[in-house]
Amino acid sequence: MHRIVILGGGTGGTLAANRLRRTLSSSEAAITVVDQDDRHVYQPGLLFVPFGLAHLDEIVRPRGRQLHRDIDYLQVPIDHVDMEDRTVTLGDGQVLGYDVLVVATGAVLAPEETEGLTGPGWNQKAFTFYDPDGAVALAQALEWFEGGSLVVNVVELPIKCPVAPLEFCFLADWFLQQQGIRDKVDLTYVTPLDGAFTKPVASRRLGGMLQEKGIELVTEFNTGEVVYSDSPDAGGRLISYDDREVAFDLAVVIPVHNGAAYVGRSPGLGDELGFVPVDEHTLQSAASPHVFALGDAAAVPVSKAGSVTHFEGEVLAENVRRFLDDRPLDASYDGHANCFIETGFSKAMLIDFNYDVEPLPGRFPGPVGLPLMKESHLNHLGKLLFQWFYWHSLLPGRDIPGVHSAMPTAGKDRQQLVESEATA
Amino acid sequence: MTTDTIAGAQVELNDEGFLVDPSQWNEDVAVELARREGIDPLTDRHWEVIRFMRAEYEAKGTGPTVRVLGKTSGVPVKELYQLFPKGPAKLAAKIAGIPKPRGCI
């Protein structure tokens, strides 16, 4: 009997485990999932918490309950992986042997890596909505905010969901108008990139939207230090490595991300930041053929996003089965990503792209689908509805009708599609 | 894509001014590319970073990001910004004749 060990019981680990369980019987393979806690967070929901539009009890569920009953779930920290012995040593001393290891432990926030950020103003004057506690603390701060400069800062890429900080800006613009204080607030988006987003066409579109909403854009700003004011009435300053400064009364900071700490304790498994390099099409590690990775934990040239993890999951499950059967891997992930971008006032925009094709206008998944690269109420409803699909379709490893791993091209602007493929 | 004569050699540059073929690079090309970016002369410290970038590219197929450079090159991030102003990873990659780092995704 094959032994499959899956590290991480979040989006990637859960859907990989359930997908594998669907096609491998209990006599063919034992599947074990390990995670250190029992809080499975629907992470796209965190964006809405600071504005009182979602509450933690609606977006957090027990991890074990999302897994098929024939999957073993261990709630214990991971100490390290030994790829030569093909074992995982757990925090309680238990050692698990594996034939296939799936790394799905995501990314962790490292605010302490930015000088001064976790000083006396952390969670008082500067917040992050990228973890549940931070999102709740920020909700309280926004409720009491009376005006001044609100600065949203991405410290460095890669981060989870690179569009979420922009969505936060758009929603903040809406929220402050609802509060009747938009004219008392300078809203600024500070990014290390040379534009609003990474991909050129989408970057121009999103940059234009920031401008329309009166949100200032500061580019190529690499935050080296955060200095909090001694006065309780003043916030502080972001200082870049090249000595530029942005003052804030309230800062929303997306800290740098690393892979899980045990990756660094596992010889050969991860890169300098603790992410696991895998082949960008098969998701198999070059360091050991028995190791696969998906989701935020994987070092592949694609956004760290739930949709990416979902599409990778289909490919990963197929390749794990092929590997166990001694068949060549040929299931191929194309870098497909698909993101709803909440733009405020009950509207959202949708972007769809892969390794070779940047986000383009058109419709998704086909010519009569949701509008791409355009704000619409329909996309906002799609974003809200998605949470249902997440718990009931995506995690259990069922296919969502019309949405597949490979990026669809049928609904996309043909002229631009040809140009995009030509330059890739 | 444009063809340009740099330090007496014909090289292909992409729209952002990066060498299309890293094998067309040599030290004279680096000196000229740096001069065009306003870095003149290249000091030993610059060369340390440039050689590190090329070694990383040869080993991994992509250049490192600023944070990885700061952690692994032996040159602290603050100094990287002094050596290669604004975007050290991008600028050092350009002068080292390797593609723009893929970290920005």
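## Exercises on a two-chain predicted model

Helix α1 (residues 11-23) and helix α7 (residues 306-324) of chain A pack at an angle of about 35°, with their axes 9 Å apart. Axes are lines fitted to C-alpha atoms, for helices over the stretch in contact, and angles run from 0 to 180 degrees between N-to-C directions. Helices (H or I, at least four residues) and strands (E, at least two) are DSSP runs, numbered from the N terminus.

This is a predicted model: local features need pLDDT of at least 70, side-chain atom pairs count only at pLDDT 80 or more, and totals for chains, interfaces and linings use all residues. Residues are numbered from 1 along each chain as its sequence is written, and chains are lettered from A and ligands numbered from 1 in the order in which they are written.

**Exercise 1. Describe the contact of α1(A) with α7(A) by class.**

Step 1. Find the residues that meet. α1(A) brings residues including A:Leu15, A:Ala16 and A:Leu20; α7(A) brings, among them, A:Gly313, A:Leu316 and A:Val320. Contact means C-beta atoms, placed from the backbone, within 7 Å.

Step 2. Sort them. The contact has 6 nonpolar, 7 polar and 2 charged residues. Ala, Val, Leu, Ile, Met, Phe, Trp, Tyr, Cys and Pro count as nonpolar, Asp, Glu, Lys and Arg as charged, and the others, Gly among them, as polar.

**Exercise 2. Which element gives the largest share of the side of domain 1 of chain A that touches domain 3 of chain A?**

Step 1. Chain A has domain 1 (2-106 + 260-324), domain 2 (111-256) and domain 3 (340-423). These bounds come from an automatic or database domain assignment.

Step 2. The C-alpha centres of domain 1 and domain 3 of chain A lie 25 Å apart. Their contact takes 15 residues from domain 1 and 9 residues from domain 3.

Step 3. Pick the element. On the domain 1 side, α1 and α7 of chain A each supply at least two residues. The largest share, 5 residues, comes from α1(A).

**Exercise 3. In what order do the elements of chain B run?**

Step 1. Count them. Chain B has 5 helices and 2 strands.

Step 2. Read from the N terminus. The order is β-β-α-α-α-α-α.

Definitions and conventions: Two residues are in contact if their C-beta atoms, placed from the backbone, lie within 7 Å.
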